Amino acid sequence: ILAAARGADGQPLKRAAAQLGIDLQALDAAETAALLTVDGELVAFRHPLVRSACYRGADPKARREAHAVLAEVLDTDHDIERHAWHLALASVSANEATARTLMEAAHRARERGANRSQVELLARAAELTPDAEERGRRHLHACGAASMVADRARVAQLIERARMSITAPNLL
């Protein structure tokens with residue numbers, strides 16, 4: 001859970017662990033082994049490579065389950081972007097509800113000036129959109145956001161993805 005959360009405020013971590021029936025006493029052993037730090041309510045891996053090794057070494061189903069639980073326990077009013085990312089990472093197939101949540105998170109990211117985050121949220125929303133025409137429109141939306149941050153490579157990639165999705169000639 002901690003690896004999926006990329007470090008975490010202790011409260012969501014505790015709620016997620018409780019939902020999965022995990023005993024947090026393991027944190028003490030990991031802290032003693034110098035794998036992570038616990039500073040009040042904040043828990044983090046000592047080094048990003050330790051987090052990465054734990055995350056990549058986990059079973060894919062366990063990773064998705066951790067992301068699903070983290071999405072559930074996060075406060076969507078204050079942390080919609082992390083909530084949306086966890087929903088997306090828990091998804092194995094197209095899901096319109098998750099795509100809409102990512103779109104909302106992208107809107108919030110734009111409002112706070114996090115334009116690069118907006119691009120990635122929009123692109124992931126497009127990838128999870130079941131309807132091909134809507135997927136293409138969302139890729140174009142992400143393309144527009146990528147052009148605002150002058151990411152030419154991402155713009156080209158998103159245009160190509162839109163082209164693969166959209167069949168109506170007047171939309172491109």
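This talk covers pockets, ring contacts and backbone angles in one structure.

First, the ground rules. The model is predicted, so local features need pLDDT of at least 70 and side-chain atom pairs count only at pLDDT 80 or more, while totals for chains, interfaces and linings use all residues. Residues are numbered from 1 along each chain as its sequence is written, and side-chain values use heavy atoms, without hydrogens or water.

Pockets next. A pocket here is an open set of points on a 1 Å grid over the protein atoms alone, where a 1.4 Å probe fits, with protein on both sides within 12 Å along at least five of seven lines; lining residues have an atom within 4 Å of a point. Volume is the space filled by probe spheres set on the points, and points are joined across faces, edges and corners.

The largest pocket has a volume of about 440 Å³. It is lined by 23 residues. Ile 1, Leu 2, Ala 3, Ile 22 and Phe 45 lie nearest its centre. Two or more lining residues come from each of α1 (2-5), α2 (10-20), α3 (26-32), α4 (48-57) and α5 (60-73). Helices are DSSP runs of H or I, at least four residues, and strands are runs of E, at least two, numbered from the N terminus. α5 gives the most to this lining, with four residues. By class, the lining of the largest pocket has 20 nonpolar, no polar and three charged residues. Nonpolar covers Ala, Val, Leu, Ile, Met, Phe, Trp, Tyr, Cys and Pro; charged is Asp, Glu, Lys and Arg; polar is the others, Gly among them.

The second largest pocket holds about 240 Å³. Its lining includes Ala 3, Arg 51, Tyr 55 and Trp 85. α6 (80-90) supplies the largest share, four residues. The classes are six nonpolar, two polar and four charged.

Now, which residues lie over the face of Tyr 55? Arg 51 does, at 5.5 Å from the ring centre. Arg 63 does too, at 5.2 Å. The rule is CZ of Arg, or NZ of Lys, within 6 Å of the ring centre and within 35 degrees of the ring normal.

Last, backbone. Ala 34 has a positive phi, near 65 degrees. It sits in the loop between α3 and β2 (36-39). Ala 34 is partly exposed, at 40% relative accessible area. Ala 150 has phi near 60 degrees, also positive. Its loop runs between α9 (132-148) and α10 (152-165). Ala 150 is exposed, at 63%. The cut-offs, with a 1.4 Å probe and protein chains only: buried is under 20%, exposed is over 50%, partly exposed is in between.
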